[in-house]
Amino acid sequence: MSIKKCRQEFEKIFKKYPDKTQALLPCLYVAQEKCGCLTEEIVSFLAQRLDLPKVEVYSVITFYSMFSFEKKGKFVIRICMSLPCYLRGSREILEAVVEEALCIKPNQSTEAKKFTIEPVSCLGLCDIAPAMMINKKIYGNLTPQKAREIIRRYKQEKDK
Amino acid sequence: MAELVNLTIDGYQIQTAKNTTIFEAAKKININIPHLCYHENLSIYGACRICVVEVEGRPRLEPSCATIAENGMRVKTNTARVRRARRMIVELLLANHPEDCFTCESNQVCELRKLAYDLGIRSLRFEKGRKYHYKLDLSSPAIIRDPNKCILCSRCIRVCLEIQAVGAIEFVNRGSKTQVLTFFNKGLNNVECTNCGQCILACPTGALREKTIVDEVWEAISDPKKFVIVQTAPAVRSAIGEEFGMKPGALVTGKMAAALRRLGFSRIFDTQFTADLTIIEEAYELVERIKNKGILPMITSCSPGWIKYIEHFFPDCLEHLSTCKSPQQMFGAIAKTYYSQKTGIEPKNLYVVSIMPCTAKKFEAKRPEMRASGAQDVDAVLTTREIARMIKETGIDFCNLQDEDFDEPLGISTGAAVIFGATGGVMEAALRTAYEVVTGKTLERVEFEQVRGLEGIKKANIMLDGLELKVAVAHGLSNARILLEEIQNGTSPYHFIEVMACPGGCLGGGGQPMPTNFEIRAMRAASLYREDEDKPVRKSHENPAIKKLYEEFLEKPLSEKAHHLLHTTYTKRGRY
């Protein structure tokens, strides 16, 4: 089923990139976003269309932290743990976010699949370290207090 | 003329072709820079960093395998800094490596162990980094993968993709969690792995090895109720000597027979006997297909790695395969029917062991089609390396054994069967027989040089009395793929194609002694062609024991009985 959702966009991407291997990452982005996670079915489909070994596609997916085979929460919170952010207190940010977002551990989702917390490598936001991303939105110059407030706002979204 | 560059390595002036790496250039002054991830037949990866050298004017050490030699470069391969760096890299690898060298299958051939010794590492100064918790991949009947011993050099990945065009394994995950795994970690048996074992030959550690059944064979030998007979493939005799320190290509057919007898096998037979049988069945099948406008080109079916490859990657081409079983399986079927009837030994008490240069044969023996006698036709498959280990276990002085003969009747074979072990050999043997079947004349000159040698794809046009036979020979599955794509596109001009999964043919198989490289393959091939020349009979259909087999049992080639026992079917496996 999941492939149907992406089919049209896939075809566009295949046309845009005549070198088949270059089409892989854009296709994976689309699939991840439309379906919430990647599946064996999607991997097999893309491998066949791009004439790649299945395991090569699998390898690419497992390499990048933005792809996953498990359904993620509605809000994916990515907290940068690379050096500049770390030195400016990203560990405390992570702790605060974990606590605020219903006491889940890093790399887990809340039961209602609202939040997924992921400690990640550099987000390229060193100028506003410590930084995090919630879905595609960027938050910088964080303090534990600021981070809690941001999460609280997202929590309230449920009630809307 | 190719452009040349001049550089200095360790004070020696060298002239080398443009785009040569420092690593290759250093070979010219007889320096084999220590390395792990570099492999002469594979693409450059530059991961292990052991081959680092100093290049004047560059601040960092450069990996010599991945650095192109430039004009005026001054390279030093042996400085205190280089030695320190190399040692440190290996020490770090060892900090992540199990310390079970005593019991490791690769104990005698491990490149990591040798490198650690050569680099002078005499104590492990780093604390153990990794906990050993990765599960072994035991899914395949042929190959075991132990991720704990893997140093992530990617040689297995590259050989699987670049030489074999399979791509069954890849790096999975990232950073310290990286492993070499199959698709969704399903295990080698559940993906498109062909069991060819080239990854075993490429692995510098014990992370890949064959699933050994030496102990089962010992048990059968010591079981008084069992009559244990053994068959040995052609390629084994050209390589097993290497396990005992002999020169590559040393021909040790007689010593091997003698050693096997001493191990306690009841009869020493030869897969070459059924190689002759295969040739007759296959040659008649080819002639039949040409006469009756059957499906052409016909492709050989002796190489079980190749069979699994075509089943996965070209399932729509299976009708091109000859229906003949491989010599190993023909032997099993004949042993448990004809030989059993002849000797009165019940098939259930007959235990058929085969010694193969091949890991895929272990898989083949277990295929459900291979039970023509009612039970598994070949009970146990040992690689060349495994039988060498059994011989070593007993202390037999292999090199000084007096030559002995194979037993009759299943040990009698011709020169045509010997060359089965080399790429092009099956083709040549089949041509020797097909010529005489088609023309009814005697073939005076039996050598077909066009199909010999280690070129990836060999083509030839053979005249059979007015009938022009177009043939091609491929070894290494990436070469086979090219010929298969021609068939798919309808542009294949051939009548008959020989494919061997492994580079060089069986003599370069995944079960052969290590190292197995290009040079050694050529030496093993030369020795097989030498043995062919020395054989009194060099055409399969002139093998007296085979003639008798047809008279007494099979009636004629492609008879109903032959079809039942000697021919098989294939499975569409697909890829996605």
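**Figure 1. Contact between chain A and chain B in the predicted model**. In this predicted model, 12 residues of chain A are in contact with 13 residues of chain B. On the side of chain A that touches chain B, the elements giving two or more residues are α3 (40–50) and α4 (54–63) of chain A. Helix α4(A) gives the most to this side, with seven residues. By class, the side of chain A that touches chain B holds five nonpolar, four polar and three charged residues.

**Figure 2. Domains of chain A**. Chain A is divided into domain 1, covering residues 2–63, and domain 2, covering residues 75–159. The C-alpha centres of domain 1 of chain A and domain 2 of chain A are 28 Å apart.

**Figure 3. Buried residues of helix α6 in chain A**. Helix α6 of chain A spans residues 90–100, and its buried residues are A:S90, A:I93, A:L94, A:A96, A:V97 and A:V98. These buried residues of α6(A) pack against strands β1 (75–80), β2 and β3 of chain A, and also against helices α5 (83–87) and α7 (144–156) of chain A.

**Figure 4. A cis peptide bond in chain A**. The peptide bond from A:A129 to A:P130 is cis, and its omega is near -10 degrees. A:P130 is placed in the loop between β2 (115–120) and β3 (132–134) of chain A. Most peptide bonds are trans.

**Figure 5. An open four-stranded sheet in chain B**. The four strands of this open sheet follow the order β12-β17-β16-β15 in chain B, and their pairing is mixed. Strands β12 (298–299) and β15 (457–464) of chain B stand at the edges; each has a single partner strand, so one side of each is left without a neighbour in the sheet. Helix α15 of chain B, residues 425–439, packs on the sheet and touches β15, β16 and β17 (496–500) of chain B. The direction of α15(B) makes about 15 degrees with that of β15(B).

**Figure 6. The pairing of β15 and β16 in chain B**. Strands of a sheet pair through backbone hydrogen bonds, in either a parallel or an antiparallel sense. Here β15(B) and β16(B), the latter formed by residues 467–475, pair in the antiparallel sense over eight bridges. Among the residue pairs, B:K458 has B:V473 of β16(B) as its bridge partner, and B:N461 has B:K470 of β16(B). The hairpin of β15(B) and β16(B) has two residues between the strands, and in this hairpin B:D465 takes a positive phi near 55 degrees.

**Figure 7. Packing of helices α9 and α11 in chain B**. Two packed helices are described by the angle between their axes and the distance between the axes. Helix α9 (residues 271–291) and helix α11 (residues 327–343) of chain B pack at an angle of about 100 degrees, and their axes are 8 Å apart. Angles of 65 to 115 degrees count as roughly perpendicular, and α9(B) and α11(B) are therefore roughly perpendicular to each other. From α9(B), the contact is made by B:T271, B:F273, B:T274, B:A275, B:L277 and B:T278; from α11(B), it is made by B:P327, B:Q328, B:M330, B:F331 and B:I334. Seven residues of this contact between α9(B) and α11(B) are nonpolar, four are polar and none is charged.

**Figure 8. A cis peptide bond in chain B**. The peptide bond from B:M514 to B:P515 is cis, with an omega near 0 degrees. B:P515 has its place in the loop between β17 and α17 (518–534) of chain B.

**Figure 9. Positive phi values at B:F184 and B:E555**. Most residues other than glycine have a negative phi. B:F184, although not a glycine, has a positive phi of about 50 degrees. The place of B:F184 is in the loop between β8 (179–181) and α5 (198–202) of chain B. B:F184 has 16 C-beta neighbours inside 10 Å and therefore counts as partly exposed. B:E555 is likewise not a glycine, and its positive phi is about 70 degrees. B:E555 lies in the loop between α18 (544–554) and α19 (560–566) of chain B. With 12 other C-beta atoms within 10 Å, B:E555 is exposed.

**Figure 10. Position of B:R389 in chain B**. B:R389 belongs to helix α13 of chain B, residues 384–394. This residue, B:R389, is partly exposed, with 16 other C-beta atoms within 10 Å. B:R389 and B:R573 are separated by 184 residues in sequence and by 35 Å in space, from C-alpha to C-alpha.

Technical notes:
Residues numbered from 1 in each chain as written. Chains lettered and ligands numbered in written order. Predicted model: local features only at pLDDT ≥ 70, side-chain atom pairs only at ≥ 80, totals over all residues. Pairing = 2+ DSSP bridges. Contact = placed C-beta atoms within 7 Å. Axes fitted to C-alpha atoms, helices over the stretch in contact; angles between N-to-C directions. Nonpolar A, V, L, I, M, F, W, Y, C, P; charged D, E, K, R; others polar. Domains from an automatic or database assignment. Parallel < 35°, antiparallel > 145°, perpendicular 65-115°, else oblique. Buried ≥ 20, exposed ≤ 12 C-beta atoms within 10 Å, placed from the backbone.
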